[in-house]
Amino acid sequence: MGFFDWLFGRNPRSNRDDKPGDSPGKTPAKPPRPKVLAGLEDDSPFVMLDTGNGMVTMMDREAYEYTYGESQAPDPAQRDLDELLTGITRVRAVAAGMLDGRSQEGPILLDVTAPEALAAFRRCWRIDEDPSTFSHCMCLGGPTLELFHGPELAATIGMQHGRAIRWKKWKHDAVLRNGKALNDWLVANGVPRQRLESIFHSPSMGFALESDPQRKQAEELVKHAEEARRSGDLRQALDDCTQALALDAELAVGHGLRGIIHHERHDYAAAIADCSEAIRLGLRRAEVYFTRGVAFDCLGQPDNALADCTYALEVDPTHVNAWHSRGLIRARLGQFAEARADCTSAIRLNPDWFLPYWTRGMIQHQQGNFDGVIGDYTEVIRLMQSADIPPVIHAVPVAVPSRVQQTDRMSLAAAFLRRASAHEAKEQFAEAAADYDEAVHHDPEFALAFNARGQFRLHRQGQVTEAVADFDQVIRLCPNAAEGFVHRGLARLSLGLDGCILVAQRYARAPDNGVRAVGHNTLDLPARILSKRHCRKQSGHGRSE
């Protein structure tokens, strides 16, 4: 096979070369592997080959594996396409090639959801199943089509010169019976024909063109912005990004980075705007989708957040933060089985990050799996203690801690508290007592821990005097919360003291915290009781460092 045959994917087989007795299209023996100069050892998308006679060739890894590897993928089949196309609800075209089954970064050419347009789209997809037509073009092709089933990306299919398609499900490229029909559909739905022809005749080889001087200056500013962000100077980082975008308003990476910076500055609306613009301009990076998703969640839009975490995982299935955040969002939506599976995936990718164990433990508590709760919070405690945590922090009195660093001792106290409650539910009272003690030891200003231990001592151990002492601490830390006085009053009542009068007087003056005392009955103290130092809502996502 000559160089231009290799470059344009021409099939080296022809009927005139078939030997007598061979079936048409019989696959010949694979050529000997050339010497690989670079690329295989570092998972590069490209490999450099010594093809002999002093010639060095750059080949994308897919083409290398197709030509010299042992792919076991099936041949193209119309039934596979028919099954895929049946459920398509959205088609997006990207002005870029496809590598490793994913679209490269590029502008969005169209994004279609209209039912009549999708019906016409389905009629364009008929392929030739004759094995003699199978080949693999050695360019990356373009444009690339992303096909969705609802919010899920169902398939990514690359177009090859307007004549064939490439799908990672298949070993070979498949020739379209009527490539013109698909090309005309793209034009009818908004892709300029001249732009389409330009992509077909200048297929992506995976190399970017040299930037113009103004864009290069903008890119340098973005690099400086990232350095400033990593050093913690978010103001300088934001200024650098804004200057870069003043030079080149369509610099996708600039919008993406500025969106991340806005998020870290808690400006979630601005983060969404910049990340959305980066995506519109063709930036396909998991971190951008993830950042926008967390911003959506912080603004109370869990459905959009869930979709963006899913997009992030389609771009990068190893994005541990997206796995955890999707699990967290699903847990809040009551999708506990799916949430637990997502947290397990995050743990598999980074078993040394405590937050997915925390979230999974919370989910298992909701499901009543207290053995699982104990196991997960035992691992949280082990990981946090191994991080040499300093002696003062504050527990997050919500279901899941948010943005807590592994050096945050307050979360260590909360982990002991959660494990204690699971031991108590299993009537393992000795273990529960030990964990309640650890919780107040690690954070002496954690009102919720004192309250929980006080109720445990009062109702499980009959230690009334010790329970009163714990409720004293609750009142010291939260003097305006009625619940502490209610519980202490009930404990003192059992000692024959004047608890009822104190309860009634204090409860009449205290702010309404949503707890009502009727006679001597009261609800358990809710997780709203905070220490004076920590009274802000937490979002729960966190990041794996």
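## Burial and the chain as a whole

A residue counts as buried under 20% relative accessible area and as exposed over 50%. The model described here is predicted.

The protein chain has 545 residues, and buried residues make up 50% of them. Its secondary structure consists of 22 helices and eleven strands. The accessible surface comes to about 25,900 Å², with 51% of that area belonging to carbon and sulfur atoms. Among contacts with a separation of 6 or more, 60% are between residues 24 or more positions apart.

## Two exposed loop residues

His266 lies in the loop between helix 9 and helix 10 (268-280). Its relative accessible area is 57%, and because this is over 50%, His266 is exposed. The phi angle of His266 is near 65 degrees, which is a positive value in a residue other than glycine.

Glu427 sits in the loop between helix 17 (409-425) and helix 18. Glu427 also has a positive phi, near 60 degrees, and is likewise a residue other than glycine. With a relative accessible area of 55%, Glu427 is exposed.

## A cis peptide bond

The peptide bond from Gly142 to Pro143 is cis, with omega near -5 degrees. Pro143 belongs to the loop between helix 4 (115-122) and strand 8 (144-149).

Helix 8 (residues 234-247) and helix 9 (residues 252-264) have axes that come within 10 Å and cross at roughly 150 degrees. An angle over 145 degrees counts as roughly antiparallel, so helix 8 and helix 9 are roughly antiparallel to each other. The crossing of helix 8 with helix 9 is left-handed. Helix 8 contributes Leu234, Ala237, Leu238, Cys241, Thr242 and Leu245 to the contact, while helix 9 contributes Gly254, His255, Leu257, Arg258, Ile261, His262 and Glu264. By class, these residues are seven nonpolar, four polar and two charged.

Ala225 is part of helix 7 (residues 213-230). Its relative accessible area is 0%, so Ala225 is buried. Leaving aside residues up to four places away in sequence, Ala225 touches Ala237, Asp240, Cys241 and Leu257. The C-alpha atoms of Ala225 and Ala244 are separated by 9.2 Å, and the two residues are 19 residues apart along the chain.

## Helices 18 and 19

The axes of helix 18 (residues 429-442) and helix 19 (residues 447-461) come within 9 Å and cross at roughly 155 degrees. Helix 18 and helix 19 are therefore roughly antiparallel to each other. Helix 18 passes helix 19 in a left-handed crossing.

On the side of helix 18, the contact is made by Phe429, Ala432, Ala433, Tyr436, Asp437, Ala439 and Val440; on the side of helix 19, it is made by Ala449, Phe450, Ala452, Arg453, Phe456, Arg457, Arg460 and Gln461. The contact of helix 18 with helix 19 has ten nonpolar, one polar and four charged residues.

## Helices 20 and 21

Helix 20 (residues 464-477) and helix 21 (residues 482-494) pack at an angle of about 160 degrees, and their axes are 9 Å apart. This pair is therefore roughly antiparallel. Helix 20 passes helix 21 in a left-handed crossing.

Residues Val464, Val468, Phe471, Asp472, Val474 and Ile475 of helix 20 meet Gly484, Phe485, His487, Arg488, Ala491, Arg492 and Ser494 of helix 21. This contact divides into seven nonpolar, three polar and three charged residues.

How values were computed
Residues numbered from 1 in each chain as written. Predicted model: local features only at pLDDT ≥ 70, side-chain atom pairs only at ≥ 80, totals over all residues. Heavy atoms only, no water. Helix = DSSP H or I, 4+ residues; strand = E, 2+ residues; numbered from the N terminus. Buried < 20%, exposed > 50% of the residue type's maximum accessible area, 1.4 Å probe, protein only. Contact = heavy atoms within 4.5 Å. Areas by Shrake-Rupley, 256 points an atom, 1.4 Å probe, with all protein chains shown as cover. Axes fitted to C-alpha atoms, helices over the stretch in contact; angles between N-to-C directions. Parallel < 35°, antiparallel > 145°, perpendicular 65-115°, else oblique. Left-handed = near helix turned anticlockwise from the far one by under 90°. Nonpolar A, V, L, I, M, F, W, Y, C, P; charged D, E, K, R; others polar.
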